[in-house]
Each structure stands twice: as C-alpha cells, then as structure tokens.
Amino acid sequence: METAWDDQLRTAGLRVTRPRLSVLGVLAEHPHVDADTIATAARAVHPSISPQAVYGVLKALVGAGMARRIEPAGGPALYELRVGDNHHHLVCRGCGVVADVDCVVGEAPCLAPSDTAGFAVDEAEVVFWGLCADCQVERSRHGHGTGTATIREGVGT
C-alpha cells in the first residue's frame, strides 16, 4: 500500500521502510519532539521498532534533508519536518514549548556574522527565548514560573 511519504523517501534516495514511515507519521503529527517521544509514539503503529532504529531513521531523514534537528540549549535535540525555509524558533523557558517563527528579515541567511572566518555562510539559526502565553499567566497567578520544562506536543505548529 502506497503512502504519502513513499515518493518523498524515494526522491530523497531512501528506501521505503516501515520504521521510516512510522517516524515520519509521528513527526507529521508532533513537530518539535525528541527521539524518545518519537520512539514511544512510533511503537503505537510499529510495536517492534527499537530506539536504535528510530535514531537511525532520524539520522537518515536529517541527512537526506527531509527532517531538521534543532538543539535548544539545556534540552534534548528536537526534530521537525519543516525544512529548507531557514525559519527559527521560540522556546519557552517555563514549559519548554517550541514554536516556529519565520525568518527575521531578508533572505537566507537572515543574519550575517561580522567575520565569516573564511566560511561560506548559507544558514543562520536563531533561537528566541522567553515565556509562552500559558506560562505568563501561570507566573502572574503565582508570582513565578512553573519550573518545569516539558514539551507540549502539537503546540507551535
């Protein structure tokens, strides 16, 4: 049975496998999630998928340009399917929710370093930190943040 991902995998030079389809399905429903969350969710449709297989699939998808790995400071690497548009991220210091934000200004890369040190810069990654609306409300109610950092699935998509 053909899936929506089959052609994209083949175009990227990857074989269509059940683990890849499972991981892609999870990423389509839950962007900005870590590998452990992906593995747990993928097991719902592919019970025998191992964490090692998930890491292998993620590495292949990132390498083929089908997925993107982001690494907000102080947290695990997160994965998303939004690629190729040089977008950036907002990260909540309270709960850890991640939201996409389009390029700051101009064409990619959005920012130019004062000294390239000989690099040919083709991408700039910006992470904006702050408090999401829910954590702002929580802080105003209690006079401080929640102190927890969990990823709320499906937020910021």
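Q: Hi! Before we start, what sort of model is this, predicted or experimental?
A: Hello! This is a predicted model.

Q: Okay. How many helices and strands does the protein chain have?
A: The secondary structure comes to 5 helices and 5 strands.

Q: And in what order do the elements run from the N terminus?
A: Reading from the N terminus, the order is α-α-α-α-β-β-β-β-β-α.

Q: What share of the residues count as buried?
A: The protein chain has 157 residues, and 32% of them count as buried. As for contacts with a separation of 6 or more, 52% come from residues 24 or more positions apart.

Q: Let's look at helix 2. How far does helix 2 reach from its first C-alpha to its last?
A: Helix 2 covers residues 18-29, which makes 12 residues, and reaches 17 Å. That is close to the 16 Å expected at 1.5 Å a residue.

Q: Which residues of helix 2 are buried?
A: They are R20, S22, V23, L24, V26 and L27.

Q: And what do those buried residues pack against?
A: Their packing partners are helix 1 (6-11), helix 3 (35-42), helix 4 (51-63) and strand 2 (78-80).

Q: Switching to the strands: in what order do the 3 strands of the open sheet stand?
A: The order is 4-3-5, with mixed pairing. Strand 4 (98-101) and strand 5 (127-130) stand at the edges with a single partner strand each, so one side of each has no neighbour in the sheet. From one strand to the next, the twist averages 25 degrees.

Q: How does strand 3 run relative to strand 4, parallel or antiparallel?
A: Strand 3 (residues 88-92) and strand 4 run antiparallel, joined by 4 bridges. In that pairing, V91 stands opposite V98, and L90 has A99 as its bridge partner.

Q: How many residues lie between strand 3 and strand 4 in their hairpin?
A: There are 5 residues between them. G96 sits in the turn and has a positive phi of about 90 degrees.

Q: What about strand 5: in which sense does strand 3 pair with strand 5, parallel or antiparallel?
A: Strand 3 and strand 5 pair in the parallel sense, over 4 bridges. Here H89 stands opposite V127 in strand 5.

Q: How many of the residues in strand 3 are buried?
A: 4 of its 5 residues are buried, so strand 3 is largely enclosed by the rest of the structure.

Q: You mentioned H89. Is H89 buried or exposed?
A: H89, which is in strand 3, counts as buried, because its relative accessibility is 1%. The side chains of H89 and E80 are joined by a polar contact of 3.0 Å. Leaving out residues up to four places away in sequence, H89 touches H32, R68, I70, E80, V98, A99, D100, V101, V126, V127 and F128. Take V126: H89 and V126 are 37 residues apart in sequence, and their C-alpha atoms are 6.7 Å apart in space.

Q: R68 is in that list. Where is R68 placed?
A: R68 is in strand 1 (residues 68-70). With 10% relative accessibility, R68 counts as buried. A polar atom of the R68 side chain lies 3.1 Å from the backbone oxygen of H87. Leaving out residues up to four places away in sequence, R68 touches several residues, including V62, Y79, H89, E123 and E125.

Q: What about A77, where is that?
A: A77 is in the loop between strand 1 and strand 2, and at 15% relative accessibility A77 counts as buried. Apart from residues up to four places away in sequence, A77 touches V33, D34, A35, R69, I70 and E71.

Q: Last topic, cysteines. How many disulfides does the structure hold?
A: The structure holds 0 disulfides.

Definitions and conventions: Residues are numbered from 1 along each chain as its sequence is written. This is a predicted model: local features need pLDDT of at least 70, side-chain atom pairs count only at pLDDT 80 or more; totals for chains, interfaces and linings use all residues. Side-chain values use heavy atoms; hydrogens and water are left out. Helices (H or I, at least four residues) and strands (E, at least two) are DSSP runs, numbered from the N terminus. The expected span of a helix is 1.5 Å times one less than its number of residues. Buried means under 20% relative accessible area, exposed over 50%, partly exposed in between (1.4 Å probe, protein chains only). Contact means heavy atoms within 4.5 Å. Two strands pair if DSSP finds at least two bridges between them. Axes are lines fitted to C-alpha atoms, for helices over the stretch in contact, and angles run from 0 to 180 degrees between N-to-C directions. A disulfide is a pair of cysteine sulfur atoms within 2.5 Å. A polar contact is a pair of N or O atoms within 3.5 Å; within protein, one must be able to donate a hydrogen and the other to accept it, and residues adjacent in sequence count only if both atoms are side-chain atoms.
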